[in-house]
Amino acid sequence: MKIGVIGLGRMGEYMSRRLRNNDHEVWGYRRNVEAAKKLFEDDALDGYANDIETLVSSVHDTTDSKSVFLMVIPAGSVDDTLSELLLHVRPGDIIIDHGNSNFKHSRDRGIRLADQNIGYIDCGTSGGVWGLDRGYCLMIGGTDEDINYCRPIFDALSPDINSIDRTQPDSTITPAENGWLHCGPWGAGHFVKMVHNGVEYGIMQSYAEGFNILKSANKGKEYVGIDAETAPMEDPQNYQYDLDIAEVAELWRRGSVVGSWLLDLTAAALRESPGLDTYSGRVSDSGEGRWTINSAVDLGVPAPALSAALFARFNSQGSSPFADKILSAMRFMFGGHHEKK
């Protein structure tokens, strides 16, 4: 199949390479044309275009009755890119959004494009920079007709059934075991990916807090006694462990119920830099966590752990200094408590 890819950052590049490795012809476009040219010269693409109009015409040069275009771009760029694409695509063509778009917007786009006889698929995509080798987990929304047509693309991008042990080896193979799933109509794919990312926030926060407790396990050695501004430590002699955090992470990877790929990555980071000195600790959020919590509120479904993880990210971004000052001011005003230096 001849495919157009819009957006050739790391994800777009690696998806293009994986498609080519599975015998698809891939043409690419990004605003930085020189970067696209370098990818072409490095065999990541079969061809590249200087603009979207040229990309579309290059992909249309085929006997297929319809053409497919993948957008691997930030959610904020989707509408502008769609508007430009719609000037050049032809009826029957299919556009797949692999970004982290809001599921409500994806549903609206699917309806709008259907009125123009253009297919739209929202494809939540997880795998990051490791997807080239491991494959991508694909959570897909759209019509049966469009998704069936694009099945070769999803099969190429996703892991195969042998990538992990089957849950029930003697059972009938289900669609999800091939690494991609048609979750429902427009918006369903991005809804599932949104919740996936909310869960990701919670898991990451749990690891972060756990390792932070382990790193603090020697504070009893530093304890010097009671003062008016510090809560007393009970039994400081019980907290005098100099733990090797990197080794604990390695240990937990082996046989522990908390083992996961995220733990594997954490262990690798700690091996490289036990103090993680190259990181500032500012953790961004790209929107999916917020949308997950908003949906939980809309649905009346409790999500305390995911909410706490989201607010922890806000705190890491330096969004609470004034609140901290308010707290400090109140303590001084009611009790004369000075800030501890």
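Q: Is Asn238 buried, exposed or partly exposed?
A: At 39% relative accessibility, Asn238 counts as partly exposed, where buried means under 20% relative accessible area, exposed over 50%, and partly exposed in between (1.4 Å probe, protein chains only). This is a predicted model, in which local features need pLDDT of at least 70 and side-chain atom pairs pLDDT 80 or more, while totals for chains, interfaces and linings use all residues. Residues are numbered from 1 along each chain as its sequence is written, and side-chain values use heavy atoms, without hydrogens and water.

Q: Where is Asn238 placed?
A: Asn238 is in the loop between α10 (219-222) and α11; helices (H or I, at least four residues) and strands (E, at least two) are DSSP runs, numbered from the N terminus.

Q: At what angle do α9 and α11 pack?
A: Helix α9 (residues 188-215) and helix α11 (residues 245-252) pack at about 135 degrees, with axes 10 Å apart. Axes are lines fitted to C-alpha atoms, for helices over the stretch in contact, and angles run from 0 to 180 degrees between N-to-C directions.

Q: Which residues make that contact?
A: Phe211, Leu214 and Lys215 of α9 meet Ile245, Val248, Ala249 and Trp252 of α11, contact meaning heavy atoms within 4.5 Å.

Q: Changing topic, what is the strand order in the open sheet?
A: The 8 strands have the order β3-β2-β1-β4-β5-β6-β7-β8, with mixed pairing; two strands pair if DSSP finds at least two bridges between them. β3 (47-48) and β8 (180-184) stand at the edges, each with a single partner strand, so one side of each has no neighbour in the sheet.
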